Amino acid sequence: MKKRFLVTVMLLSACSQLPTERKVEVDTLHVPVKSTVPAATSNVPEEIIIENDATAESLATDFEHVFVDTDMTFSGTLPCADCPGITYHLNLFRDGRFAVRQEYIDRNQVSIVRGIWLLEKRSLHLVNQQQTLPAFHFLSNRQLAMLDLSGKAITNENYQLQRETEFRKLDTRQAMLGLYSLSNNEASFTSCSSGETLAVANTQHHLPVMRQYQQDERLNGNSVIATLVGRRGQDEQTNTLFIDKFEQFWPSAVCPDQVQPGKLQGVVWRAEKLANRYIPQQLNIRVIFEKNDRLYGFAGCNNFNANYKQRSSQLNVEQLISTRKFCADSSELENKFTQSLQSADRVEVNGDTLQLFQNNKLILQFKPAIN
């Protein structure tokens, strides 16, 4: 027969109030217990050191309070109302900071959010002045469950993040759309979404961008919309942008928040639907209509340009001129897109939605690109 006895366990922390003392039953056949007996004059209960990791974890999370005393990484995919899901990479730092990467599946949209975390008993709140993030509850020290609107933990596994065995640095790369400018070989990039301006590091990926900017008379000396994949520096380089992949300049474009309602020209439009089929946003199919009756863009694999005519809502797109690369994952969809673009005979801009029709049937739908 197994012997059982009661031991008193306290979680001590130098920076947090102590949790309420509780009695935990321990199986003496499976839990090696080491004790240090305090001086007879002390009122502090006996300190228990649990050497078995699994048991230590269950005992630690049995308390009402949770203490973050080491840097932690949690990850997983949470549901999304209008997409397949949002992948999370959440880093909690023991000094009270957090950093999280949110990637919307099939949207080509990545958010990097930083701030401070607050613990209320076992509820975790991620605080950022510009963005609202979900709150979580520590089910254990290896499991976070998202809180619902009433502040209760959602027990469904689809709403949970799991702690990784080792702390992992954040991948801060993301698609960006913003204003690029260059003066005396020093470049800056102002994000359209955040309004933040970063200095651009002169790396091997930036040098070709500088040459293209300097050689194009439309660009040189002006601030111009550019699309790229980049990342912020760390520590003392946090105000520096490192370009990992440059996509293209959009000389006649403006930031999406400057777009006039109902305006066709000057907007970088991202293709959202082809007929009734949603287009994977990671293909980045985009087009811009310029005031000089020219359009150009990217069809998922190749760049293209063409002349067009617009009279009121009537639209005529002439034959596209395109590069001729083959991409196994996008060429079929690209062909359907370019054929539809050339067959459009009517255009409508309603709010932030651009729609192209053929014989009064919707064939293409676009939204302003934000990255």
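Let's begin at a disulfide. Select Cys301 and Cys327: the torsion about their S-S bond is 70°, which makes the link right-handed. Cys301 sits in the loop between strand S21 (294-298) and strand S22 (303-311), and Cys327 in the loop between strand S24 (321-322) and helix H3 (331-343), so the bond ties together parts that lie 26 residues apart in sequence. Show the two sulfurs and you'll find them 2.0 Å apart, S to S. Cys301 and Cys327 are both buried. Keep in mind throughout that this is a predicted model.

How many disulfides are there by the distance rule? The count comes to 2, so with a cut-off of 2.5 Å between cysteine sulfur atoms there is another to visit.

For that one, select Cys192 and Cys255, again joined with 2.0 Å from S to S. Look down the S-S bond here: the angle is -70°, and the link is left-handed. Cys192 belongs to the loop between strand S14 (186-191) and strand S15 (197-200), while Cys255 belongs to the loop between strand S17 (240-250) and strand S18 (269-274), so this pair ties together parts that are 63 residues apart in sequence. Cys192 and Cys255 are buried as well.

Which strands close into the barrel with mixed pairing? There are 5 of them, in the order S13-S14-S15-S17-S16. From one strand to the next, the twist averages 50°. Zoom in on S13 (residues 174-183) and S14: they run antiparallel and are joined by 6 bridges.

Now for a hole. Searching the whole structure for cavities of 30 Å³ or more turns up 1, and the space inside the largest cavity is about 30 Å³. Select Leu177, Ile225, Val254, Pro256, Val267, Val268 and Ala369 to display its lining. What classes of residue line the largest cavity? Colour by class and you get 7 nonpolar residues, with no polar and no charged ones.

Next, move to the other barrel. Select S5 through S12: these 8 strands close up in the order S5-S6-S7-S8-S9-S10-S11-S12, with antiparallel pairing. Neighbouring strands of this sheet are turned by 30° against each other on average, ignoring direction.

Is S7 largely enclosed or open? Of its 8 residues, 6 are buried, so the rest of the structure largely encloses S7.

On one side, S7 pairs with S6 (residues 83-92) in the antiparallel sense, over 7 bridges. Select Leu92 and you'll find its bridge partner in S7, Phe98. S6 and S7 make a hairpin with 4 residues between them, and Gly96 in the turn is one to click on: its phi is positive, about 100°.

S7 (residues 97-104) also pairs with S8 (residues 109-120), antiparallel again, over 8 bridges. Two bridge pairs make handy landmarks. Select Arg97 and follow the bridge to Ile116 in S8. Then select Glu103, whose bridge partner in S8 is Val110.

To finish, show the two barrels together: the antiparallel one running from S5 to S12, and the mixed one built from S13, S14, S15, S17 and S16.

Note on methods. Residues numbered from 1 in each chain as written. Predicted model: local features only at pLDDT ≥ 70, side-chain atom pairs only at ≥ 80, totals over all residues. Heavy atoms only, no water. Pairing = 2+ DSSP bridges. Axes fitted to C-alpha atoms, helices over the stretch in contact; angles between N-to-C directions. Buried < 20%, exposed > 50% of the residue type's maximum accessible area, 1.4 Å probe, protein only. 1 Å grid on protein atoms, 1.4 Å probe; cavity = no way out; pocket = protein on both sides within 12 Å on 5 of 7 lines; lining within 4 Å. Points joined across faces, edges and corners; volume = space filled by probe spheres on them. Nonpolar A, V, L, I, M, F, W, Y, C, P; charged D, E, K, R; others polar.
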